[in-house]
Each structure stands twice: as structure tokens, then as C-alpha cells.
Amino acid sequence: MSNLREVNDDILKDWLDFREEDLCSLTCDEDRKHHIYFDETSKKILRNVPKQNQKYVKKQLEQLDENFMDYIYYWNEKYYRNGFIDGVQVISGCLNS
């Protein structure tokens, strides 16, 4: 059996990708309340930045967004995967007893 904690292109990764699509759909008020409205916030910031600095600030905001999404993806996958694997190991341990 392969190491389940190793991150590969597997069924758990496919499930996480599916959940990401579902979670990004903002299907209820609670989801919308906790959504990160990055584009809207960036536009508000850029409206208040002098024209000569807008290109630089926009690039920095895009980099921040990319970095933040990488951060979220990393931690979600790490902890969802480990929680799932812990659950599988508990069930497996019960079945082996």
C-alpha cells in the first residue's frame, strides 16, 4: 500500500478540486458573507492610488492574491488529507481488530 499522506494526483485530490468548485459557487448567504471579494477590493484600492503607481500596485495585489490562494490550497490539502487519512486508519484499525 502506498503512503496515503503523500500528495499525488489521486481520488482525494480530485475530491478537493470538486469541493473547491462547489465552495466557490456561493450558494447561500453564509458563503457570500465569508467570501474573499478580492477583485472588488482591488478595484477600490486602485481607485485611490495615483495613476503613476497603479501598475505597480495592481501587480502587487495580483501577487498577494496568488500567494494567498497558494497558502489556502496548501493548508487545506494538507489538513483535509491528513484528517481523511487519520479517519481511514481508525476505521482500518477497527476492522483489523
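**View 1. Tyr74 is a partly exposed residue of helix α4 in this predicted model.** Tyr74 counts as partly exposed because its relative accessibility is 45%; buried means under 20% relative accessible area, exposed over 50%, and partly exposed in between, with a 1.4 Å probe and protein chains only. Helix α4 spans residues 51–96, helices being DSSP runs of H or I with at least four residues, numbered from the N terminus. In this predicted model, local features need pLDDT of at least 70 and side-chain atom pairs count only at pLDDT 80 or more, whereas totals for chains, interfaces and linings use all residues. Residues are numbered from 1 along each chain as its sequence is written, and side-chain values use heavy atoms, leaving out hydrogens and water.

**View 2. Tyr71 and Trp75 form an aromatic pair in helix α4.** Tyr71 and Trp75 are separated by about one helical turn because they are four residues apart in helix α4. The structure holds three aromatic pairs; rings of Phe, Tyr and Trp (its six-membered ring) pair if their centres lie within 6.5 Å, and planes under 30 degrees apart count as stacked, over 60 as edge-to-face and the rest as tilted. The ring centres of Tyr71 and Trp75 are 6.3 Å apart and the planes stand at 65 degrees, so this pair is edge-to-face. Tyr71, at 48% relative accessibility, counts as partly exposed, as does Trp75 at 31%.

**View 3. Trp75 also pairs with Tyr74.** The centres of these two rings lie 5.0 Å apart with planes at 80 degrees, so the pair is edge-to-face. Phe68, Tyr71, Tyr74 and Trp75 form one aromatic cluster.

Technical notes. Helices (H or I, at least four residues) and strands (E, at least two) are DSSP runs, numbered from the N terminus.
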